[in-house]
Every structure is written in structure tokens, then in C-alpha cells.
Amino acid sequence: MFGIPGKSPVTLTPAAAARIARLMQKDAGDVKGLRIGVKKGGCAGMEYTMEEATEIAPHDEVIEQDGARVMIAPMAQMFLFGTEIDYKVSLLESGFVFNNPNVVDACGCGESVKFAENG
């Protein structure tokens, strides 16, 4: 929808691709991929959303990499260009991390972000 020809809007690290591929294999393959988006909320103004998707919506941007599939919701595409998605595991927590060059501020807990104003 808002794509740049020949350039993937989002990239996955090997760890993220492996985790998403594992999620897609559970439930007898009913999960088609991970749908990511953004919504208003949190102390910085916007939050990322993630859900296991059982179907690909007509206007989703689909990224396939190393056996993993990510769908970007149409309204989130402009906020996610250039984003690298990683999967981190530490002693106390594990989860997906968005390394997004469009973020200008984030709350202290890291749950919400503020994007650069498009002028």
C-alpha cells in the first residue's frame, strides 16, 4: 500500500524469524503468520500490536523471510518502514523488540512510543 518497490518495509533478525516460524507451526499450521500494527495508547501516545493471524487480509503488506511470515496492517505501514524486529531472551523476560527509526520518544517501560511527525 505504502511500499517502496524492491524494499521490504520491515526486516526480521534470525531470532525473530525463528520464533515467528515456531508460532506458525503450532495449532496444526492454522497460524498464517504474525500481524503487527499500531494503535493509540500508552503514555507516549502509540503502542505496537501483535496477533497470530489465521488469514491474510486483502490489504496487508506481507513479508516472508526464513520461513516466517509477518503481515502489516494497512494503517501501520507508514509507521513501520525501516523497522527491524528482533526476539530477545533474558533472565527475566522474553519478547519481540521493534528497532524502529521512526520513533522519536518512548515511555520508560518501553510499552509505548511516539513517532516523528510527518510534515
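Is aspartate 86 buried or exposed, and what is its relative accessibility?

I began with the ground rules: this is a predicted model, in which local features need pLDDT of at least 70 and side-chain atom pairs count only at pLDDT 80 or more, while totals for chains, interfaces and linings use all residues. Residues are numbered from 1 along each chain as its sequence is written, and side-chain values use heavy atoms, with hydrogens and water left out.

I looked up aspartate 86 and noted that it counts as buried, because its relative accessibility is 11%; buried means under 20% relative accessible area, exposed over 50%, and partly exposed in between, with a 1.4 Å probe and protein chains only.

I then placed aspartate 86 in strand β6, strands being DSSP runs of E with at least two residues, numbered from the N terminus. Strand β6 (residues 83-89) runs parallel to strand β1 (residues 10-12), joined by 3 bridges, and two strands pair if DSSP finds at least two bridges between them. I found that threonine 83 in β6 is the bridge partner of valine 10.

On β7 (residues 94-99), I noted antiparallel pairing with β6 over 6 bridges, in a hairpin with 4 residues between the two strands. Tyrosine 87 stands opposite phenylalanine 96 of β7.

Finally I checked the side chain of aspartate 86, which makes a polar contact of 2.6 Å with that of threonine 13 and another of 3.3 Å with that of lysine 88. A polar contact is a pair of N or O atoms within 3.5 Å; within protein, one must be able to donate a hydrogen and the other to accept it, and residues adjacent in sequence count only if both atoms are side-chain atoms.
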